[in-house]
Amino acid sequence: MIKVLVTGGAGFIGSNFVRHALSTHGDWEVTTLDKLTYAGRLENLKDVMDNPRHAFVKGDVADPTAAGPLVAESEIVVHFAAETHVDRSIAGAGEFIMTDVYGTFVLLEAARQAPSLRRFVQISTDEVYGSVADGSSRETDELRPRNPYSASKAGADRLAYSYWATYGVPVIVTRASNNYGPNQFPEKVIPLFITNAIDNVPVPLYGDGLNERDWLHVSDHCQALDLLIDAGVSGEVYNIGGGNQVRNVDLTRSILQLLDKPESLIRPVADRLGHDRRYSLDTSRLRRLGWTPRISFDMGLAQTVAWYAQNEWWWRPIKDADPAFRTYYESQYGSRDA
Ligand code: NAD
Ligand code: DAU
């Protein structure tokens, strides 16, 4: 059996990856290491908790006593664990430095000593390139992160690379674009807008709404990671993008249309500080390895809207009943007029 460690596996992409890994690879034993922060939810893993090839460990990646022994026994480490929400990093960056940078350092130190390790996947992000006015970012482009989240991710991205260059740890770095799909915490734009609209609550669109993101369905992301674990070359970086450039205002209109809700629900609000205008990825390096996204944005968005409509049990306890989410929402949006 091949031992695989997935950090952050109770989060959005991590849980989708754990499910993908267990169903695709009958010879993988997967351990999820997750601190269960506000974004980590055991419900995301409910269909694999009884799987004899899956183990869940609650722990902090920045704690060597929790992370070290798990890395030591692994052949493959896929490191998703991070603080991930840009707006929260603007409100306070401390946790981002501790988890995204220091936590990555702790895992890499353990990886140096791991006898059977053959792949360490550092999950980075397209945000490390900063805002791109035109064209698409290539893996060799300069990194120009512009918010505390993306700066912490850029630090971890280059730290992981340095452990390959210096110590020969078999690192690959992946930089994905904006993911969407089931199980995404309802602070991110797509699940926030879907769930607000279901409840006829206004959807807070930042600034002029013309910022652009490149949307990638989470299952296409998981397929790409799976391919790269074997086909990736240590020391290399791989962009993973869906090729779906969409302006926020158009995304918002599509969500409202799919739910048959009026555009009057759009509430223009003050812009995010330092809001990156546009991200766009050149994915030719990954495509040369045979990957291509399978889910069109129209289909993926419709499926995602349907998933939230059919799975209120998943998000209502967060949005309707969790006082921490209420406090967060109030502080982000309460008096945020355009
Ligand atoms: P998420 O916020 O949904 O989940 C993060 C998970 O990490 C949670 O389960 C949380 O409990 C766990 N975690 C946080 N701090 C931890 C710690 N100190 N120790 C152990 N576990 C901890 O995030 P996501 O959207 O699934 O993102 C996963 C990864 O992918 C992140 O590294 C993120 O930077 C990267 N990424 C995300 C996107 C996106 O669009 N969501 C795009 C590109 C890259
Ligand atoms: O690009 C990859 C990144 O995508 C990941 O690395 C991050 O972890 C992930 O959170 C995401 O970052 P963004 O900041 O792009 O995602 P978010 O969903 O927060 O915002 C998407 C766009 O929507 C952005 O232009 C801001 C806008 N927005 C967001 C929120 C939450 C709004 O207009 N209103 C909102 O309420």
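**Exercise 1. The domain interface**

How many residue pairs are in polar contact across the interface of domain 1 and domain 2? Work this out for the predicted model shown above, then describe the interface around those pairs.

*Solution.* 

Step 1. Start with the division of the chain: domain 1 takes in 2-179 + 216-240, while domain 2 consists of 184-213 + 245-274 + 296-333. Their centres, taken over C-alpha atoms, are 25 Å apart.

Step 2. Apply the rule for polar contacts across this interface, and ten residue pairs turn up, with both partners at pLDDT 80 or more.

Step 3. Now look for salt bridges between the two domains; the count is two.

Step 4. See which elements take part. On the side of domain 1 that touches domain 2, α3 (86-91) and β7 (178-180) each give two or more residues, and α3 gives the most, with four.

Step 5. In contact are 17 residues of domain 1 and 17 residues of domain 2. Together the domains bury about 1600 Å², with 51% of it on carbon and sulfur atoms. Within domain 1, the residues that lose the most area to domain 2 are Arg41, His85 and Asp87, which together account for 30% of what that side buries.

**Exercise 2. The largest nonpolar core**

Which residues have the most contacts inside the largest nonpolar core, and which element gives the most to this core?

*Solution.* 

Step 1. The largest nonpolar core has 34 residues, and the most contacts inside it belong to Ile190, Ile194, Trp215, Leu251, Ile255, Leu259 and Phe297.

Step 2. Sort the core by element: those supplying at least two residues include α6 (189-198), α8 (248-258) and α10 (297-310). α6 gives the most, with six residues.

Step 3. Zoom in on Trp215. Beyond four places in sequence, Trp215 touches Ile190, Leu251 and Phe297, among others including Tyr180 and Asn244.

Step 4. Apart from this core lies another, of 32 residues, among them Val18, Leu22, Phe80 and Ile123.

**Exercise 3. One valine in a helix**

Is valine 101 buried or partly exposed?

*Solution.* 

Step 1. Find the residue: Val101 sits in helix α4 (residues 94-113).

Step 2. Compare its relative accessible area with the cut-off. The value is 24%, and buried means under 20%, so Val101 is partly exposed.

Step 3. Check its surroundings. Outside four places in sequence, Val101 is in contact with Phe96, Ser152 and Leu159. Ala156 is 55 residues away in sequence, yet its C-alpha is 5.0 Å from that of Val101.

Key:
Residues are numbered from 1 along each chain as its sequence is written. Chains are lettered from A and ligands numbered from 1 in the order in which they are written. This is a predicted model: local features need pLDDT of at least 70, side-chain atom pairs count only at pLDDT 80 or more; totals for chains, interfaces and linings use all residues. Side-chain values use heavy atoms; hydrogens and water are left out. A nonpolar core is a set of buried Ala, Val, Leu, Ile, Met, Phe, Trp, Tyr and Cys residues joined through side-chain atoms within 4.5 Å. Buried means under 20% relative accessible area, exposed over 50%, partly exposed in between (1.4 Å probe, protein chains only). Contact means heavy atoms within 4.5 Å. Domain bounds come from an automatic or database domain assignment. Buried area is the accessible area (1.4 Å probe) that two parts lose on being put together, summed over both. A salt bridge is a side-chain nitrogen of Lys or Arg within 4 Å of a carboxyl oxygen of Asp or Glu. A polar contact is a pair of N or O atoms within 3.5 Å; within protein, one must be able to donate a hydrogen and the other to accept it, and residues adjacent in sequence count only if both atoms are side-chain atoms.
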